[in-house]
Amino acid sequence: MAILTMIGQLLLALTILVGLHEFGHFIFARIFGIRVNKFYIFFDFLFPLPNVLNFALWKKKSGDTEYGLGWFPLGGYVDIAGMVDETKDASQLAAVPEPYEFRSKPAWQRLFVMLGGIIVNIILGVLIFWGVKYYWGEEYYSKAEVNKLGYYAHPLAQEIGLKTGDKIIKVNGEDYESSGDVRAALMQENTNFTIERNGEVKEIPVPNDLIDKVASKVPFMEPILPFKVGKIADGMPAGAAGLKEGDKIVKIDSTPIVCFQDFQAAIKKQAGKKVELTVERGNQTVKINPTVTEEGTIGFTSEMTLTSSKRTLSFGESFITGAKDALSVIPNQIQGFGRIFKGHISAGNAVSGPVGLAQMYGKSWDWERFWGLTGLLSMGLAFMNALPIPALDGGHVLVLLYEMITRRKPSEKFMERTQQVGTFILLTLMVLVLFNDTFKALFK
């Protein structure tokens with residue numbers, strides 16, 4: 001069921017993002033009087049082979065356009081009359097151009113048609129970020145609250161000199177507001193943490209290549225999280241042994257438990273074994289003896305007792321904050337690519353495909369997380385489509401800009417060849433990403 005939930009969330013997000021991206025091309029084509037033969041969410045053929053396995057899950061003809069839902073769920077397309085794309089080649093455009101065709105229109109109109117998907121994805125991303133900020137507000141752990149106990153340093157953080165209990169008082173020499181600001185600083189180059197440890201102030205520089213290990217999901221550092229037992233799962237060892245909601249676990253066998261991170265580390269070491277939990281229940285101390293599952297769990301949700309802060313934003317404030325966060329995705333993507341080229345982070349850890357994205361959406365349906373990730377993906381889709389790779393919108397835009405500057409229109413044969421090269425590049429990247437995704441899911 002959990003896998004179906006992850007797949008369902010990803011498919012819904014892709015349907016929204018791809019559908020509206022293609023609508024961007026569609027609406028600009030219609031504005032300029034260009035005929036659109038097909039408007040499909042997902043492909044109704046085995047991409048990139050337009051004549052193989054041609055069928056749709058649903059389709060309907062309205063006017064000149066056939067609307068449909070394809071069976072191959074890794075994209076979508078609009079078939080614009082008179083344009084070389086993944087559905088046609090130059091030989092299909094041998095006839096004299098018709099006034100309603102893409103190739104008959106001025107270069108500036110064709111440019112807007114190609115930019116339409118990117119424009120709509122940016123607008124959609126801003127609207128989603130705006131809605132999330134307005135409806136859910138902003139919840140975070142403040143600097144003051146986190147520094148009551150400090151940060152939990154996983155082994156990777158210990159390697160650069162951090163220790164559990166350290167209080168981060170400055171990031172890159174400046175004050176900060178929340179633990180989220182500390183996480184964000186890891187994406188930057190030449191980051192430096194100013195910490196307080198036992199009353200002494202120290203500077204901890206963060207190596208630029210640390211981001212590669214963090215991106216590969218190696219735990220680094222997080223606020224120390226005191227906790228109590230939340231809901232007890234049915235049919236699991238915790239309930240059978242007598243653990244109750246509201247209990248505070250203070251010891252596993254002889255190991256003291258101060259925070260949730262201590263509990264996680266200790267319980268996983270006892271996978272498949274019977275353990276003794278020392279539990280505070282009201283004014284009582286209780287001993288219970290559950291058997292840990294082979295996965296290293298006993299079956300309860302954790303309720304963190306660190307106090308979070310909640311900021312409610314007005315309609316206008318949420319728009320400003322949402323737009324700022326949405327638009328910051330693009331320079332962050334550029335910075336991320338820069339760090340790949342500098343060798344700070346490997347492409348395999350930086351890029352995720354369908355498997356990785358489905359895992360990001362999670363095993364349970366959380367609408368705040370769903371819309372947050374979908375807004376992020378919308379901005380990411382806009383950025384990726386803007387890359388000057390043939391077959392992507394950015395590749396078409398580059399050719400159109402060349403035409404507008406030189407006043408020389410490339411031949412349909414040239415466009416066909418660049419489309420083929422671009423499709424080959426995209427397919428190669430798709431195979432590599434799928435392999436990388438599967439490898440990480442199975443072995444990391």
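Q: Which residue is the bridge partner of E196 in strand 9?
A: That's V201. Bear in mind that this is a predicted model.

Q: What makes strand 8 and strand 9 a pair?
A: Two strands count as paired if there are at least two bridges between them. Strand 8, residues 192–197, and strand 9 have six bridges, so they pass that cut-off and pair. The sense of their pairing is antiparallel.

Q: Why are strand 7 and strand 9 called edge strands?
A: The open sheet has three strands in the order 7-8-9, with antiparallel pairing. Strand 7 (167–171) and strand 9 (200–205) each pair on one side only. As for the angle, neighbouring strands in this sheet are turned by 30° against each other on average, direction ignored.

Q: What makes the largest cavity a cavity and not a pocket?
A: A cavity is space where a 1.4 Å probe fits but cannot get out, whereas a pocket is an open set. The search of the whole structure finds three cavities of 30 Å³ or more, and the largest cavity holds about 180 Å³ of space.

Q: Which residues line the largest cavity nearest its centre?
A: They are F102, R110, K409, E412 and M415, out of 15 lining residues. Helix 2 (107–136), helix 13 (393–406) and helix 14 (412–443) each give two or more residues to that lining. Helix 13 gives the most, with four.

Q: How many residues of the lining of the largest cavity are charged?
A: Five are charged, alongside eight nonpolar and two polar ones. Asp, Glu, Lys and Arg count as charged, so R110, K409 and E412 belong to that class.

Key:
Residues are numbered from 1 along each chain as its sequence is written. This is a predicted model: local features need pLDDT of at least 70, side-chain atom pairs count only at pLDDT 80 or more; totals for chains, interfaces and linings use all residues. Side-chain values use heavy atoms; hydrogens and water are left out. Axes are lines fitted to C-alpha atoms, for helices over the stretch in contact, and angles run from 0 to 180 degrees between N-to-C directions. On a 1 Å grid over the protein atoms alone, a cavity is a set of points where a 1.4 Å probe fits but cannot get out, and a pocket is an open set with protein on both sides within 12 Å along at least five of seven lines; lining residues have an atom within 4 Å of a point. Grid points are joined across faces, edges and corners, and a volume is the space filled by probe spheres set on the points.
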